[in-house]
Amino acid sequence: GRGDGVAGRDARGHTARAGVRRFRAARKLPFVIKGGVRAHAARQGRDLGADGVIVGSPGGETIDFAMPVLQALPAVRRECPNLPILVDSGFRRGADVLKALALGANGVGIATLLVVACAGGGRDGVRAMVEALQEELARTMSITGCRSVDAIDASILHRVDLTKSAT
């Protein structure tokens, strides 16, 4: 029933899509939609008029069987080649940022890092965290031969096929 907190027709399906379309049509601001880790969800967001999508799995990094964001990202990029894609969920280091950019992300969310840094050190903690993240990204870019963010692409990554058995 309504108001019982259980997802039903009002939380899914055509009713939700129609509501998103109405919301999108009524706003002039850029509209970004979170599509989880599935390429088809990103495509649906694009088809509903999203100006960008967020690929992420809130809390998913704590579930050992959840689809990793970095694994999902290439399929989302193929599905939405011209749409800005942001990623979040579990990014903690500059090397993580580099991998996301190499796999097709346009930006990386670091909200958890910001919250922890703010809680631990306030403004100075946030500043120190951002500087450390930038330094690690710059160092990782240097090691991989990327002179600018625009030079980051998938060719710098070594991929391991985990579906094949090691013999």
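Predicted model: local features only at pLDDT ≥ 70, side-chain atom pairs only at ≥ 80, totals over all residues.
Residues are numbered from 1 along each chain as its sequence is written, and side-chain values use heavy atoms, leaving out hydrogens and water. Local features need pLDDT of at least 70 and side-chain atom pairs pLDDT 80 or more, while totals for chains, interfaces and linings use all residues.

**View 1. Helix α2 meets helix α3.** The axes of α2 (residues 39-47) and α3 (residues 69-79) come within 8 Å and cross at roughly 35°. Here a helix is a DSSP run of H or I with at least four residues, and a strand is a run of E with at least two. Axes are lines fitted to C-alpha atoms over the stretch in contact, with angles from 0 to 180 degrees between N-to-C directions. Ala39, Ala42, Arg43 and Arg46 in α2 touch Ala75, Val76 and Glu79 in α3; contact means heavy atoms within 4.5 Å.

**View 2. The largest nonpolar core.** Look for 20 residues here, with Val53, Val55, Leu73, Val76 and Val87 making the most contacts inside the core. Such a core joins buried Ala, Val, Leu, Ile, Met, Phe, Trp, Tyr and Cys residues through side-chain atoms within 4.5 Å. The biggest share, four residues, comes from α3.

**View 3. Two phenylalanine rings.** You have found the one aromatic pair in the structure. The ring centres of Phe23 and Phe31 are 5.6 Å apart and the planes are at 50°, so the pair is tilted. Rings pair if their centres lie within 6.5 Å; planes under 30 degrees apart are stacked, over 60 edge-to-face, and the rest tilted. Buried means under 20%, exposed over 50%, and partly exposed in between, using a 1.4 Å probe and protein chains only.

Methods:
Phe/Tyr/Trp six-rings, centres within 6.5 Å; stacked < 30°, edge-to-face > 60°.
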